[in-house]
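Visitor: I am new to this structure. Please show me how to read its features, one at a time.

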Amino acid sequence: MTKVNFSKLPEADVLLTAIKERSKKGLNSNIFVIGLSGTGKSSTSIRVAELLEEKRKEEEETIPQIFIIDSLLELIKSLRKSKEGDIIISEEVSVLFSSRRAMAGDNVSIGKVMDTCRKKQLTIISNAPIWGSIDSHLRGMGHFLIETLRINKTQKVVVSKFHRLQTNPSSGKTYRHTMQRDGRDVSRMFTKMPSSNTWNDYENQKDKFMDELYERLQNEQEKKQEKFQKDLSKKNTSIRDLSPQELRVHQLFFRQNKTRKEIAEGFGISPQRVGRIIKSIVEKSKNEKSEKEKTVSKDSGADIK
């Protein structure tokens, strides 16, 4: 098998030319980068942004700004700051706008957001591990798809295949078209590693996101625990006489909607044992309710006398 010398090949030239042609027509470009973990999708996203930045500096004497975002709020902030020709990189877009939450608020808002991107002629580069995990409405707005295949560590490049996307507005189906160079099909492209400065900025952004995510989840957990403790302290609660194990199962099964199998795996016991614990919780709840009703009945009788 012939070894490819990537240093003698043009870097992502077909894609860059296609984006430039769209820009001349007053159109923006939505680029999706997909690929499994370790195939270089993040570095490809950043490198494509760098190449676009370099090209515009040379040809248009403008310096586009690159924004790296990981939430709808950050996207909107970037849109407010951005100017015509800027570039936005959306990390893990399948988490932001998942196909499983197609009618969620963020997913519904993205249509209006993308329309703003079109008016400003912004280039949006969004990455995700799997194509089908991205919201279908967002996929339908795509213009180019890059699928990272592998990282060539020897030559320090990422090898990908790429297509032009075309969505049928009637059926909603998206088609992939092979792109061409000088009348010949081109099915592969390569990108070098991003500059150290840009990559460091990206890593810092990821660290910041993880810190903020940790704080948010910790606060949510503390609020849930506080609410749970308040529920336990109420005099009329139906779970005050439960054992520590029953309390934990009650929290998981009745409040967090965990299945018996999930609870069993967490405790290291059988689902049948979990079922017996749940039955005990229900029985204690019924007995306590019955005792309360008897007490109320006695109190009412005493008032009548």
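Guide: This is a predicted model. Start with N257.

Visitor: Is N257 buried or exposed?

Guide: Exposed means over 50% relative accessible area. N257 has 63%, so it counts as exposed. Its place is in the loop between α8 (244–255) and α9 (260–267). N257 is not a glycine, yet it takes a positive phi of about 60°.

Visitor: Which loop holds K156?

Guide: K156 lies in the loop between β5 and β6. The phi of K156 is positive, at about 55°, although K156 is not a glycine. With a relative accessible area of 57%, K156 is exposed.

Visitor: What does W131 contact, leaving aside its neighbours within four places in sequence?

Guide: W131 is in contact with F32, I34, R139, L145, L165 and R176. Take F32. W131 and F32 are 99 residues apart in sequence, but their C-alpha atoms are 8.6 Å apart in space.

Visitor: Next, the cores. In the largest nonpolar core, which residues touch the most other members?

Guide: This core has 24 residues, and those that touch the most other members are L15, I31, V48, I125, F144, I146 and F162. At least two residues each come from α1, β1 (29–34), α2 (41–60), β3 (87–90) and β5. Another core lies apart from it, with 20 residues, including L72, I88, I124 and W131.

Visitor: What does I31 touch, beyond residues up to four places away in sequence?

Guide: I31 touches I19, V48, T123, I124, I125, S126, F144 and I146.

Visitor: On to helices. What span should α2 have?

Guide: Count 1.5 Å a residue, and the 20 residues of α2 should span 28 Å. The end C-alpha atoms of α2 are 28 Å apart, so the two values agree. α2 is mostly covered, with 14 of its 20 residues buried.

Visitor: How many residues does α1 have, and which of them are buried?

Guide: α1 has 12 residues and reaches 16 Å from first C-alpha to last, close to the 16 Å expected. V14, L15, L16, A18, I19 and R22 are buried there.

Visitor: Last, empty space. How is it found?

Guide: A probe the size of a water molecule is rolled over the atoms, and this shows where empty space is left. Here the search of the whole structure gives two cavities of 30 Å³ or more.

Visitor: What lines the second largest cavity?

Guide: Its lining is I19, S23, L27, N28, S29, R56, Q121, L122 and T123. By class, three are nonpolar, five polar and one charged. The volume of this cavity is about 40 Å³.

Visitor: And how much space lies in the second largest pocket?

Guide: The second largest pocket holds about 380 Å³. It is lined by 20 residues, and V4, F6, L9, V159 and R188 are the closest to its centre. By class, the lining has 13 nonpolar, two polar and five charged residues. α1 (13–24), β5 (144–152), β6 (157–167) and β10 (188–192) each supply at least two residues of this lining.

Notes: Residues numbered from 1 in each chain as written. Predicted model: local features only at pLDDT ≥ 70, side-chain atom pairs only at ≥ 80, totals over all residues. Heavy atoms only, no water. 1 Å grid on protein atoms, 1.4 Å probe; cavity = no way out; pocket = protein on both sides within 12 Å on 5 of 7 lines; lining within 4 Å. Points joined across faces, edges and corners; volume = space filled by probe spheres on them. Helix = DSSP H or I, 4+ residues; strand = E, 2+ residues; numbered from the N terminus. Nonpolar A, V, L, I, M, F, W, Y, C, P; charged D, E, K, R; others polar. Contact = heavy atoms within 4.5 Å. Core = buried A, V, L, I, M, F, W, Y, C linked by side-chain atoms within 4.5 Å. Buried < 20%, exposed > 50% of the residue type's maximum accessible area, 1.4 Å probe, protein only. Expected span 1.5 Å × (residues − 1).
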